Amino acid sequence: MADIILGIESSCDDTSAAVIRDGYLLSNVIASQDVHKAYGGVVPELASRAHELNIVPVVSEALSRAGVKPEELSAIAFTRGPGLLGSLLVGTSFAKAMGLALDIPIVMVNHLQGHLLANFIREEGKAVREPSFPYLCLLVSGGNSQIVRVDDPLHFEILGQTIDDAVGEAFDKCSKMMGLGYPGGPVIDRLAKLGDENRFQFAKPRVEGLNYSFSGIKTSLLYFVRDEMAKDPQFMEKNKEDICASFQKALIDILMGKLIKAAKQTGIREITIGGGVSANSGLRDRIVKEGAKRGWNTYLPEFKFTTDNAAMIAIAGYHHYLAGERTPLDVAPVSRMSDF
Ligand code: KG4
């Protein structure tokens with residue numbers, strides 16, 4: 001009998017449901033929440049309310065696109081954390097209720113693990129390149145900036161992480177302060193393509209080991225723009241492409257510096273990226289170029305699997321399910337990685 005898993009993701013501002021059969025993706029539905037745009041960032045209370053509105057239609061749509069009836073499901077995988085507690089509560093409660101109603105097991109998934117396994121989402125009729133274990137994943141999103149060693153689908157170790165802001169936050173906060181819009185990553189990425197990346201320099205962090213820091217460079221950019229605007233109020237408008245290109249290059253330099261160090265320290269040459277910021281075209285180009293120079297095998301997940309989605313939760317849940325893991329119904333969501 002086929003193993004059919006419904007995946008549910010609700011850790012931040014995307015409500016998503018996906019169905020996989022024996023490891024192959026049948027459907028992946030994502031409802032993004034526009035309600036946060038007016039605030040220039042995710043408002044947790046609004047996010048959880050939007051999840052409540054979205055979850056039933058999103059799950060129904062995922063099942064109907066997959067051509068799967070609820071009673072055909074083998075298990076329900078859901079994101080337990082880390083993320084926004086109110087948002088996680090919606091997905092977790094829904095998974096429990098549906099599991100109970102259908103009398104099928106539920107399987108909790110660590111959101112990070114979903115991102116780490118994004119390269120293993122198989123689709124019928126599509127060739128997919130999967131990294132071999134162990135590999136390193138540069139996990140970069142609105143909430144994470146980590147270098148992770150993945151030993152097998154169920155085991156990973158964080159080798160380095162940000163000690164303050166995530167790199168996606170640096171993109172988003174700087175874009176907001178410069179009046180360029182939200183979310184900042186895609187806006188800066190687009191403008192950066194039109195600018196000179198070597199025109200401006202920003203402060204470089206000095207952090208021990210494989211850890212990152214992005215709050216200094218963020219402040220450096222904001223002070224620089226403020227000082228220049230005091231001299232010429234048109235400065236931003238005239239130079240936004242060069243500012244974005246130089247800022248993006250500085251962020252990529254920081255990310256790559258530690259990734260290269262991690263590859264040297266571990267001797268691992270299988271390199272993947274994941275998380276929303278891995279959609280960045282400058283970062284994707286640079287990983288491929290560095291990889292070619294250093295003899296790495298690089299794996300870039302498809303754009304649709306880089307940002308938050310339930311397909312990655314379903315595939316991670318599938319591996320836990322095959323390993324015999326089952327989650328009790330009294331499970332509670334957790335907001336932090338350390339509580340997992
Ligand atoms: O993984 P994700 O969807 O969820 C969170 O962890 O929040 O990542 C969202 C982040 C945001 O910070 C967004 O600005 C960033 O990913 N992002 C990008 C790009 N597309 C999305 N950052 C840089 N370049 C992009 N093209």
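Colleague: What should I know about the model before we start?
Modeller: It is predicted: local features need pLDDT of at least 70, side-chain atom pairs count only at pLDDT 80 or more, and totals for chains, interfaces and linings use all residues. Residues are numbered from 1 along each chain as its sequence is written, and side-chain values use heavy atoms, with hydrogens and water left out.

Colleague: What makes D103 exposed?
Modeller: Its relative accessibility is 70%. Exposed means over 50%, buried means under 20%, and partly exposed lies in between (1.4 Å probe, protein chains only). Therefore D103 counts as exposed. D103 sits in the loop between α2 and β5 (106–110).

Colleague: Why is D22 called partly exposed?
Modeller: D22 has 36% relative accessibility, so it counts as partly exposed. Its place is the loop between β2 (14–21) and β3 (24–32).

Colleague: What is the phi of D22, and what is that of D103?
Modeller: D22 has a positive phi of about 45 degrees, although it is not a glycine. D103 is not a glycine either, and its phi is positive, about 60 degrees.

Colleague: Why does K37 count as partly exposed?
Modeller: Its relative accessibility is 49%, so K37 counts as partly exposed. K37 is in the loop between β3 and α1 (44–66). Its C-alpha atom is 6.3 Å from that of Y182, 145 residues apart along the chain.

Colleague: Which residue does a cis peptide bond join to Y182?
Modeller: P183, with omega about -5 degrees. P183 lies in the loop between α4 and α5. The bond from G81 to P82 is also cis, with omega near -10 degrees. P82 is in the loop between β4 (75–81) and α2 (85–102).

Colleague: How do you know that the span of α8 agrees with a helix?
Modeller: Helices are DSSP runs (H or I, at least four residues), strands are runs of E (at least two), and both are numbered from the N terminus. The expected span is 1.5 Å times one less than the number of residues. Helix α8 (residues 281–294) has 14 residues, so it should span 20 Å. Its end C-alpha atoms are 20 Å apart, which agrees.

Colleague: What do the buried residues of α8 pack against?
Modeller: Contact means heavy atoms within 4.5 Å. The partners are β7 (135–140), α5 (184–192), α7 (235–266), β10 (270–274) and β11 (297–299). The buried residues of α8 include L283, I287 and G291.

Colleague: What makes N280 a cap of α8?
Modeller: A side-chain oxygen of N280 lies 3.0 Å from the backbone nitrogen of G282. A polar contact is a pair of N or O atoms within 3.5 Å; within protein, one must be able to donate a hydrogen and the other to accept it, and residues adjacent in sequence count only if both atoms are side-chain atoms. N280 caps the N-terminal end of α8. After α8 comes G295, whose phi is positive, near 75 degrees.
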